[in-house]
Structures are given as C-alpha cells and as structure tokens.
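Please consult the sequence and the structure shown below while reading.

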Amino acid sequence: VVYLNKERHYRLVCRTTNPDIAPYVLYVNAGTFLTTKAETILYTDDGRQYLYTATPSNFKWYSGVLLPERIIIKVAGLEEVCTVDTFALNVKFQPEDFAVPTAFRPRSRAASDSTPRKKLKKPLDEPGPTPTAPPRPAS
C-alpha cells in the first residue's frame, strides 16, 4: 500500500519471465479500484533508460465499460495527451487496420501494400482532474 495525493493506493508490480523487460507498476486507487498511474522503464539500444508514466483521468462509461477519456503519457521529458472521442464494443474492423508497418518491402509487394495511415488529432494541453468513478448508468 502506498499513498498518492494523500489517497490510499495498491501498488501492483507486474513482471515477465524475460529479464530484459522492466516490470510494469500499476497504482490502483483503494477506494475506487481505478488505475491512477502506470509506470515502467524504457531501454534504448545505446543503454539509456527512461521512466515511462501513463496517468489516466476523466473516467466515463462507454458501452458498459468504465474507461479514461484522457491519458497523459510522459517519457524522456516529453508529454503526450491521448483522448477517447468514442468507444464501441465488438465492432467489425479490417485486419489491415492493425498491420504493423515495415521498414522494407519487397518490390513485388510495394505497389499493392501502400495503405495510407490515419493522422492523429492534436492532443489537449491542460491536465485532467483526479480520477473518480462516475455513477454506473441505469440498465
């Protein structure tokens, strides 16, 4: 048990069997059971290490699932704000939406595999309030 912003939290340390991967530490509010922070260490090829933190906030119900509308990610002195615009469960999607981009494509595939990528929206600049669980919507 640890205290963040004077509130009691459970500190969960998640480890893999691979010693090259740093543990992921989750902080879960003891009163709301919402994750209020996640952190790990990112390693670079040249041996540097960076603390990675993700701080979710503005929790809202989407299709019966409580999700943060906003996540602030900090790493290497940079800050990125991710926001949820909409959320839906069990939607149909195209597998190519999740294709991992490659640095090299054989010439025979280059012409047929040139799907344009979607641009991200500009993040918000102001931080959100401390996470609290809103009331569950009536069924």
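The model is predicted. The count of aromatic pairs comes to three, and two of these pairs are described here.

**The pair Tyr10 and Phe33**

- The ring centres of Tyr10 and Phe33 are 6.5 Å apart and the ring planes meet at 10°, so this pair is stacked; planes under 30 degrees apart count as such.
- Tyr10 belongs to strand 2 (residues 7–14), whereas Phe33 lies in the loop between strand 3 (24–29) and strand 4 (35–43), so the pair ties together parts that are 23 residues apart in sequence.
- Tyr10 is partly exposed, at 32% relative accessibility, while Phe33 is exposed, at 57%.

**The pair Tyr62 and Phe87**

- The rings of Tyr62 and Phe87 have centres 6.0 Å apart and planes at 65°, so the pair is edge-to-face; the cut-off for this class is over 60 degrees.
- Tyr62 is in strand 5 (residues 49–62), and Phe87 is in the loop between strand 7 (78–83) and helix 1 (107–110).
- This pair links distant parts of the chain, 25 residues apart.
- Tyr62 is buried, with a relative accessibility of 8%, whereas Phe87 is partly exposed, with a relative accessible area of 31%.

**A charge over a ring**

- The ring of Tyr27 has the charged end of Lys37 over it, 5.2 Å from the ring centre.

Definitions and conventions
Residues are numbered from 1 along each chain as its sequence is written. This is a predicted model: local features need pLDDT of at least 70, side-chain atom pairs count only at pLDDT 80 or more; totals for chains, interfaces and linings use all residues. Side-chain values use heavy atoms; hydrogens and water are left out. Helices (H or I, at least four residues) and strands (E, at least two) are DSSP runs, numbered from the N terminus. Buried means under 20% relative accessible area, exposed over 50%, partly exposed in between (1.4 Å probe, protein chains only). A charge sits over a ring if NZ of Lys or CZ of Arg is within 6 Å of the ring centre and within 35 degrees of the ring normal.
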